[in-house]
Amino acid sequence: MNVNIHDSWKSYLQPEFEKPYFKNLTDFVREEYSKHQCFPPGNEIFNAFEHCHFEDLKVVIIGQDPYHDVGQAHGLCFSVNDDIKHPPSLINIFKEIEQDLEIPYPKSGNLLRWANQGVLLLNATLTVRAHMAGSHQNKGWEIFTDAVIKIISEQKNNVIFLLWGSYAKQKIKLINPKKHQSLLSGHPSPLSANRGLWFGNKHFSKTNFLLEQALEKPVNW
C-alpha cells in the first residue's frame, strides 16, 4: 500500500503506521487490491493527506466510505474526478452551497480545490471493493482515521469539523470542544435531504464566518 502523504503529516502519523493494527490493515488492503477491483487507485488512497497540508488545515469534512463505482473515488470524501457524473450526495452539497452562498453550481465534482485551501476531506474508511459498499469497514481503517481526528484535535486550534449524518456525528467525542467548533446536520444523501435534514444548514457560510472570527482566510467553496 502506497502511503503517499505530504511531509507535514509524517511526524504525526508515523506512530500509527508502525502499530500492529496498521500492518494488518496494510496486508488486508494489498490482498484485496491484488485479487479484486478496488477503489480508489492505490496511489490515491491517501490523497486527502497529500493535498491538505497539516499546517494549512482549518476545516475537516468526515465521510464514511469511498464511492464504489468506476472512476469516482480518488481519495477525497464526497469528491469525484473531473468529467465524472456527480453522485446524489455531492449534488445536494453543491445545491446547498448554491443556496447558501448564492454562487453557481460547479461543473466539476473534483474537490481538490477545497483540499488545497486546507479542507481535509476524510473518509472513515479509505478503500472499498468495487460495487460493494462497506466492504472494507472494520478492518482497521476506522482506528486510523479516528487517530487522525484525535491528532488534529490535540495538535491544532480553531479547526471547524463538519459532521453530516449519524455516523459522522459520533466522531464529536474525539474533538475537544474548548479548542474547536463542530457543525452538525443531516447527511446530504437524498434520503436525509428529502426529509429536511440537510438543506438550509448553511454550513458553508457558517464555516467562513467562524474562520473569519479566528482571523483565518475563508474557503472559496
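**View 1. Cysteine 38, with a relative accessibility of 7%, counts as buried in this view of the cysteines**. Buried here means under 20% relative accessible area, exposed means over 50%, and partly exposed covers the range in between, as computed with a 1.4 Å probe on protein chains only. The model is predicted, so that local features need pLDDT of at least 70 and side-chain atom pairs count only at pLDDT 80 or more, whereas totals for chains, interfaces and linings use all residues. Residues are numbered from 1 along each chain as its sequence is written, and side-chain values use heavy atoms, with hydrogens and water left out. A disulfide is a covalent bond between the sulfur atoms of two cysteines; the criterion applied is a pair of cysteine sulfur atoms within 2.5 Å. The structure holds 0 disulfides, and cysteine 38 is in none, the nearest cysteine sulfur being that of cysteine 77 at 20 Å. For cysteine 52, the closest cysteine sulfur is also in cysteine 77, 11 Å away, which is too far for a bond. Cysteine 52 is buried, with a relative accessible area of 0%.

View 2. Helices (H or I, at least four residues) and strands (E, at least two) are DSSP runs numbered from the N terminus. Glutamate 32 counts as buried at 9% relative accessibility. When residues up to four places away in sequence are not counted, glutamate 32 touches Cys38, Arg129 and His136, where contact means heavy atoms within 4.5 Å.

**View 3. Helix H4 (residues 88-101) packs against helix H9 (residues 203-213) at an angle of about 60°, with the axes 8 Å apart**. The axes are lines fitted to C-alpha atoms, for helices over the stretch in contact, and the angles run from 0 to 180 degrees between N-to-C directions. H4 and H9 are therefore oblique to each other; angles under 35 degrees count as roughly parallel, over 145 as roughly antiparallel, 65 to 115 as roughly perpendicular, and the rest as oblique. From H4, the contact is made by Ile93, Glu96, Ile97, Asp100 and Leu101, and from H9 by His203, Phe204 and Ser205. Sorted by class, the contact of H4 with H9 has 4 nonpolar, 2 polar and 2 charged residues, with Ala, Val, Leu, Ile, Met, Phe, Trp, Tyr, Cys and Pro taken as nonpolar, Asp, Glu, Lys and Arg as charged, and the others, Gly among them, as polar.

View 4. At 71% relative accessibility, glutamate 102 counts as exposed. Lysine 202 likewise has a positive phi near 55° and is a residue other than glycine; lysine 202 lies in the loop between helix H8 (190-193) and H9 and is partly exposed, with a relative accessible area of 41%. The peptide bond from phenylalanine 39 to proline 40 is cis, with omega near -5°, and proline 40 is placed in the loop between strand E1 (38-39) and helix H3 (47-51).

**View 5. Leucine 121 is seen in strand E3 (residues 119-123)**. Leucine 121 counts as buried at 1% relative accessibility. Not counting residues up to four places away in sequence, leucine 121 touches Ala48, Ile61, Gly75, Leu76, Cys77, Leu111, Trp114 and Ala115.

**View 6. Aromatic ring pairs, of which the count comes to 21, are the subject of this view**. Tryptophan 9 and phenylalanine 54 form an edge-to-face pair, 5.0 Å centre to centre with 80° between the planes. Tryptophan 9 lies in helix H1 (residues 7-17) and phenylalanine 54 in the loop between H3 and strand E2 (59-63), so the pair ties together parts 45 residues apart in sequence. Tryptophan 9 is buried, with a relative accessible area of 0%, and phenylalanine 54 is buried, with 5%. The rings of tryptophan 114 and tryptophan 221 have centres 4.8 Å apart and planes at 90°, so this pair is edge-to-face. Because tryptophan 114 lies in helix H5 and tryptophan 221 in the segment after H9, the pair ties together parts that are 107 residues apart in sequence; tryptophan 114 and tryptophan 221 are both buried. Rings of Phe, Tyr and Trp (its six-membered ring) pair if their centres lie within 6.5 Å, and planes under 30 degrees apart count as stacked, over 60 as edge-to-face and the rest as tilted. Ring pairs link Trp9, Tyr12, Phe17, Tyr21, Phe22, Phe46, Phe49, Phe54, Trp141 and Phe144 into a cluster.
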